[in-house]
Amino acid sequence: MDYPPYHSRSMEQYGPIPRIISASINLSGYTLELKFVPWNRAIEEAKSGEKVDGIMGVWYSEERTQYFLYSDPVMSNKWSLIKKKGAEIDLTSSDYRLGTVRGYYIPESVKKKGYDIELVADDEKNLQKLFSGRINLTLLDENYLNYLIRVKHHRYKDAFTVITPPVAMMTQYIAISKKTTAPQQKIFIINHGLEKIKLSGTFDKIIKQDGINN
């Protein structure tokens, strides 16, 4: 699945997470082979361990531990509330329209606010609605917001404000199927390489190349 600015077929060498995995496993003499498919299919294929060894950029869930071994943390998603620049928002009030995408994770802290939640098909539609004043807030990964503005929607530069602190920090992992060959060894190789490239400075170099704020 394409999930810029973390991984995408349209990005150089498919984005920072694939480059991080490649750099990590190359240290042990292995190479990365990627397959981009829709999210639900990616999860199912990774579970079986037949066509692929695992899946990148996943969040931890207890339910998935029956299928996967998780790597050490790779990077984090900063889920933040976004408002139009200059808009007055009282975070103690629930009297706002919040736009988010169907199927997106909504943190408990946001659910408890009692906002009027409007669902759309993608984040770009939400930004359009926020810009035009049809919603008051949207919920978005901070790095993805910056990517959309930098790469696709220059007219939104300086149009929005990220409300701090983030409402949730979601850690991304590499998940290896328990049914693939030698899953423990694969996780060890990834974790060993991750540690090495973080110590060497390669990790920071990779994420800065794509403007990732980790």
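## Asp210 and its surroundings

The side chains of Asp210 and Arg19 are joined by a polar contact of 2.5 Å (an N or O pair within 3.5 Å; within protein, one atom must be able to donate a hydrogen and the other to accept it, and residues adjacent in sequence count only if both atoms are side-chain atoms). This is a predicted model, where local features need pLDDT of at least 70 and side-chain atom pairs pLDDT 80 or more, while totals for chains, interfaces and linings use all residues. Residues are numbered from 1 along each chain, and side-chain values use heavy atoms, leaving out hydrogens and water.

Asp210 sits in the segment after α7 (202–209). Its relative accessibility is 12%, so Asp210 counts as buried (under 20%; exposed is over 50%, partly exposed in between, with a 1.4 Å probe and protein chains only).

## Where α1 meets α6

Helix α1 (residues 16–26) packs against helix α6 (residues 183–200) at about 100 degrees, with the axes 7 Å apart. That makes α1 roughly perpendicular to α6 (65 to 115 degrees). Helices here are DSSP runs of H or I with at least four residues, and strands are E runs of at least two.

## Trp59 and its ring partners

Trp59 and Trp79 form an edge-to-face aromatic pair, 5.9 Å centre to centre with 85 degrees between the planes (pairs have centres within 6.5 Å, using the six-membered ring of Trp; planes under 30 degrees apart are stacked, over 60 edge-to-face, the rest tilted). Trp59 is in strand β1 and Trp79 in strand β3, so the pair ties together parts 20 residues apart in sequence.

Terms used
Axes fitted to C-alpha atoms, helices over the stretch in contact; angles between N-to-C directions. Parallel < 35°, antiparallel > 145°, perpendicular 65-115°, else oblique.
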